[in-house]
Amino acid sequence: MSLLEHNYWLTTTDFPETEPRPLPNRVEVAVIGAGFTGLSAARTLAKRGAQVAVLESETIGWGASSRNGGMVLTGMKLGVNKLISLYGRELTQRMYAASLATIDCVERIIRDEAIDCDFSRCGHLEVACKQKHFDDYARQAEVIAREFNHPLRVVQKNELSAEIGSSIYYGGMVDEVSAGANPARYVAGLARAAANAGAEIFEHTEVQWFGRGAHGGEPGWSITTSRGTLWAREVFVGTSGYTGKATPALRKKIIPIGSFIITTEILPEALAHELSPRNRMIYDSKNYLYYYRLTPDRRMLFGGRAAFFPENDQTIRRSAEILRRGMIDVYPQLRDAEVEYVWGGTLDFAFDIMPHAGQIDGMYYAVGYAGHGVAMATYQGQKMAELIAGDKPENPFVGIPFPGAPLGLYNGKPWFLPFAGMWYKFLDWVS
């Protein structure tokens, strides 16, 4: 296996350069994080005439926004029956409608801003690792059609070869609304769009502390960064799995979980078509899941929770071999394919595995995407920007209960992840 410990997506695009300049003394809104969430919010606010500073500790799109699989997915992590039991029919219907609207939101921004990111409404395919998982697909599809008026197509095992060149699954379920994109090109395009609208983006500017502070008698926030201080009327936090010590109230509600990806060499056209005849975004039904797709240049991108810890050199190297074995289990045809890239990133999970947005300790936030971040983060950034601007946008994820760890046994450092990993592996074995 000859590979580079490098993110394949980053080889496909250039990011906009931000000129080093002093921080402004004051802005109307300080946005923390230059990923999908923060840049979507900054674009929306700037287009409304707000003075916006985006404060990014690394570089544009450095975190999960450039490291993911580029899957623009409908739905949420929890099943619809579980959602209905937790939130009731009416709120769940609004949540599901919002999850569909997230795809339209991404598509509209890409069109309006002319972002070249290989966006395609190719649909997604969920594949069943066990018969009981497949049996549940029919029940899910029936509920989603009845409650949300959204059609899904259940694919029997004997019909699955039209969707995927693998014989290990028990069937599948297709949602034609989902899409694929190049996430690095998309986040770079979002940054250009935000800057063109008037937002200022400050890279290598780590927010170290912020608290309540008046400026000229006006209430707001005093913000200390690695490059100086500024004052903002409002603060919006969109840091997801990279939420840090500057926002402790939010950090202790978010679990950072590593997700890892390998990408093969460019595959022959016939082989690529055999592996994924309809070029779907594909993921399986396990808790410890695999997700995979073809890249626009016909590489197989194959990812998963090979290790639950956030990414570092050791977990990335270990994950590469785990994922390669998983890829060959799914696709024996790739036994001799060279793996050319491997990298990791960090997802953010809330304890209830739901997206959350709103205000905490007076600051605005949107987090908790649980692997659905390309679409949901873009949408939440836009909706929270509208809220900050004084609108009353429909956003069913604002105000739902946002639980922390049981008994308060968590301060943002996920000591329990090895146990969580073992638990999910156990669930995959017995369920």
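The following dialogue explains how to read several features of this predicted model.

Biologist: Which strands are joined to strand 1 by bridges?

Modeller: Strand 11 (residues 228–237) is joined to strand 1 by 6 bridges, and the two run parallel. Within this pairing, R26 stands opposite W231. Strand 2 (residues 52–55) also runs parallel to strand 1, with 4 bridges between them. There, A30 has A53 as its bridge partner.

Biologist: What does the distance between the ends of helix 3 show?

Modeller: Helix 3 (residues 80–112) has 33 residues, and a straight helix at 1.5 Å a residue would reach 48 Å, yet its end C-alpha atoms are only 32 Å apart. Helix 3 also has a bend of about 115° at G88. After helix 3 comes A114, with a positive phi near 50°.

Biologist: How is a pair of aromatic rings described?

Modeller: Such a pair is described by the distance of the centres and the angle of the planes. In the whole structure, a search finds 11 aromatic pairs. One of them is formed by Y96 and F148: the ring centres are 4.6 Å apart and the planes lie at 10°, so this pair is stacked, the angle being under 30 degrees. Y96 belongs to helix 3 and F148 to helix 4 (residues 131–148), so the pair links distant parts of the chain, 52 residues apart. Both Y96 and F148 are buried.

Biologist: Which aromatic pair is tilted, and where do its residues lie?

Modeller: Y290 and F302 form a tilted pair, with 5.0 Å centre to centre and 50° between the planes. Y290 lies in strand 14 (residues 290–294) and F302 in strand 15 (residues 300–304), so the pair ties together parts that are 12 residues apart in sequence. Y290 and F302 are both buried. Ring pairs also link Y290, F302, Y292 and Y331 into a cluster.

Biologist: Where does a charged end sit over a ring?

Modeller: The charged end of R67 sits over the ring of W62, at 4.5 Å from the ring centre. The charged end of K253 is placed over the ring of F402, 5.1 Å from the centre of that ring.

Biologist: Where is P332, and how far is it from G165?

Modeller: P332 lies in the loop between helix 8 (313–330) and strand 16 (339–350). P332 is partly exposed, with a relative accessible area of 47%. P332 and G165 are 167 residues apart in sequence, while their C-alpha atoms are 9.7 Å apart in space.

Conventions:
Residues numbered from 1 in each chain as written. Predicted model: local features only at pLDDT ≥ 70, side-chain atom pairs only at ≥ 80, totals over all residues. Heavy atoms only, no water. Buried < 20%, exposed > 50% of the residue type's maximum accessible area, 1.4 Å probe, protein only. Pairing = 2+ DSSP bridges. Expected span 1.5 Å × (residues − 1). Bend = angle between axes of the 7 residues up to and from the residue. Phe/Tyr/Trp six-rings, centres within 6.5 Å; stacked < 30°, edge-to-face > 60°. Lys NZ or Arg CZ within 6 Å of the ring centre and 35° of its normal.
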